[in-house]
Amino acid sequence: MNLVAVGVNHTTADVELRERLAFSTQQAEAALASLREMPGVREAALLSTCNRTELYCLTDDTAPDFTQWLASSRHLSAERLSTVLYQHTGEQALEHMMRVAGGLDSLVLGEPQILGQMREAYARAHEAGLLNGELSRLFQEVFSVAKRIRTETGIGANPVSVAYAAVSFARHIFADLKKSRALLIGAGEMIELVARHLGEQQVQEITIANRTQERASELAAAVGGRGISLEELPVALESADILISCTAAPLPILGKGMVERALKKRRHRPMFMVDIAVPRDIEPEVGELDDVYLYTVDHLQEAIQENVRARQQAAQEASELIRDAIVRHRRQRREQDAVKVLRDYREQRTSMAESELEKALQQLRNGGDAEQVLRKFQHSLVNKWLHTPSVTLRKMAADGRAEALLLARELLLENPGSSSEENE
């Protein structure tokens with residue numbers, strides 16, 4: 001079977017295309033069910049985040065057309081998708097998975113959220129019955145390397161993530177965040193990180209809006225803020241200098257009209273907005289309004305680069321860990337091939353031994369001399385064991401295959417350096 005990693009990320013596709021390729025939890029479950037029925041797919045997992053959508057599959061020798069499957073499932077043209085899709089196979093696919101899990105392929109170098117998202121993708125595929133053994137084992141290799149990257153390098157020494165980059169970007173816009181009021185929409189892990197970073201910057205006020213107000217209040221309490229429901233957004237907008245949104249809503253939460261009304265109440269004091277959700281939470285038309293500075297994840301590159309430079313050395317160390325892991329993986333695969341040969345060899349020799357043993361036992365039952373029977377058993381068994389190697393080695397010698405004879409000596413003799421001439 002072949003390992004295949006195929007997908008798009010922030011370097012190959014813009015945010016508009018990535019949000020069309022994003023899978024919600026329910027859509028991911030349906031997609032996995034579809035993959036299960038796809039000819040040639042033995043095992044599969046689907047990873048879908050703000051910045052990437054990827055499939056990890058074990059396939060038969062003839063790999064399915066993943067471009068066509070992905071295009072069909074997301075109602076896109078295969079021709080358009082083929083220009084942004086990348087596909088890796090074998091060890092390159094495994095190395096790609098390790099780089100993704102270790103945060104080396106993220107928009108923000110070394111961001112830690114991706115490992116948790118990859119674990120969720122693994123768990124979802126496992127529950128769907130699409131991880132039957134080999135791919136599951138490969139995922140464990142990936143997780144093990146990612147853990148070493150987090151603990152043995154400085155990749156996570158500084159708090160860098162999309163959430164951190166959003167707050168860092170706001171710090172460039174506002175001279176003093178302590179005088180600013182922040183409104184966060186959502187209550188997931190990303191917003192939790194944003195709230196924590198804003199709290200460290202000592203913003204004047206943090207308000208968190210969520211569909212479930214209880215969850216919003218719980219999260220806000222941890223940073224000294226307040227939680228509100230989404231219905232209270234229009235009023236909360238009026239006092240928000242900074243707005244950062246990241247929900248799993250299928251449609252935009254903030255429209256142009258709502259923001260226009262808030263700006264009038266604010267007497268057109270500027271608003272800084274970052275939409276880090278895919279699909280987007282804020283209508284793109286909001287960015288056309290005067291006094292609104294709207295950014296998506298694709299606009300965070302400049303703020304992100306400041307943190308990337310501090311992590312370059314750690315990334316090199318992490319790459320070395322991955323290279324070592326790939327070498328170990330290659331060696332283990334080769335050892336597994338040897339185990340298969342040894343198992344077949346053992347089965348053949350056991351069958352020969354059982355056959356000769358049964359003959360010897362029958363001779364003993366018929367009253368044969370025990371010593372004679374055992375010596376004959378030994379002679380016959382050794383001759384049978386040596387027959388095929390003898391014929392093969394003579395042919396190799398006749399063909400001048402000296403290297404094969406040296407290998408045979410290494411395999412067959414306990415002291416391969418010795419020879420019959422040396423023992424005389």
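Reader: How do the residues lining the largest cavity divide into nonpolar, polar and charged?
Author: Seven are nonpolar, six polar and two charged. Ala, Val, Leu, Ile, Met, Phe, Trp, Tyr, Cys and Pro count as nonpolar, Asp, Glu, Lys and Arg as charged, the others as polar. The model is predicted, with local features needing pLDDT of at least 70 and side-chain atom pairs pLDDT 80 or more, while totals for chains, interfaces and linings use all residues. Residues are numbered from 1 along each chain, and side-chain values use heavy atoms, without hydrogens or water.

Reader: What volume does the largest cavity have?
Author: About 160 Å³. A cavity is a set of points on a 1 Å grid where a 1.4 Å probe fits but cannot get out, and its lining residues have an atom within 4 Å of a point.

Reader: Which residues are closest to its centre?
Author: Of the 15 residues lining the largest cavity, Thr49, Asn51, Glu111, Gln117 and Val162 are the closest to its centre. Helix H6 (residues 113-127) gives the largest share of that lining, three residues. Helices (at least four residues) and strands (at least two) are DSSP runs.

Reader: What lines the second largest cavity?
Author: Arg181, Ala182, Leu183, Glu205, Thr207, Arg226, Ala236, Ser239 and Ala240 line the second largest cavity. Strands S5 (181-185) and S6 (205-210) are the elements that give two or more residues to it, and S5 has the largest share with three. By class, that lining has four nonpolar, two polar and three charged residues.

Reader: Changing topic, how many salt bridges?
Author: The count is 23, taking a side-chain nitrogen of Lys or Arg within 4 Å of a carboxyl oxygen of Asp or Glu. One of them joins the side chains of Arg42 and Asp60, at 2.8 Å from N to O. That pair links distant parts of the chain, 18 residues apart: Arg42 is in strand S2 (residues 41-48), and Asp60 is in the loop between strand S3 (52-59) and helix H3 (66-73).

Reader: Why does Arg42 count as partly exposed?
Author: Because its relative accessibility is 45%. Under 20% is buried, over 50% exposed, and in between partly exposed (1.4 Å probe, protein chains only). Asp60, at 26%, is partly exposed as well.

Reader: What about Arg331, where does it lie?
Author: Arg331 lies in helix H14 (residues 312-365) with Glu335, four residues apart, about one turn of the helix. The two form a salt bridge, with the closest N and O atoms 3.7 Å apart. Arg331 is exposed at 58% relative accessibility, whereas Glu335 is partly exposed at 43%.

Terms used:
1 Å grid on protein atoms, 1.4 Å probe; cavity = no way out; pocket = protein on both sides within 12 Å on 5 of 7 lines; lining within 4 Å. Points joined across faces, edges and corners; volume = space filled by probe spheres on them.
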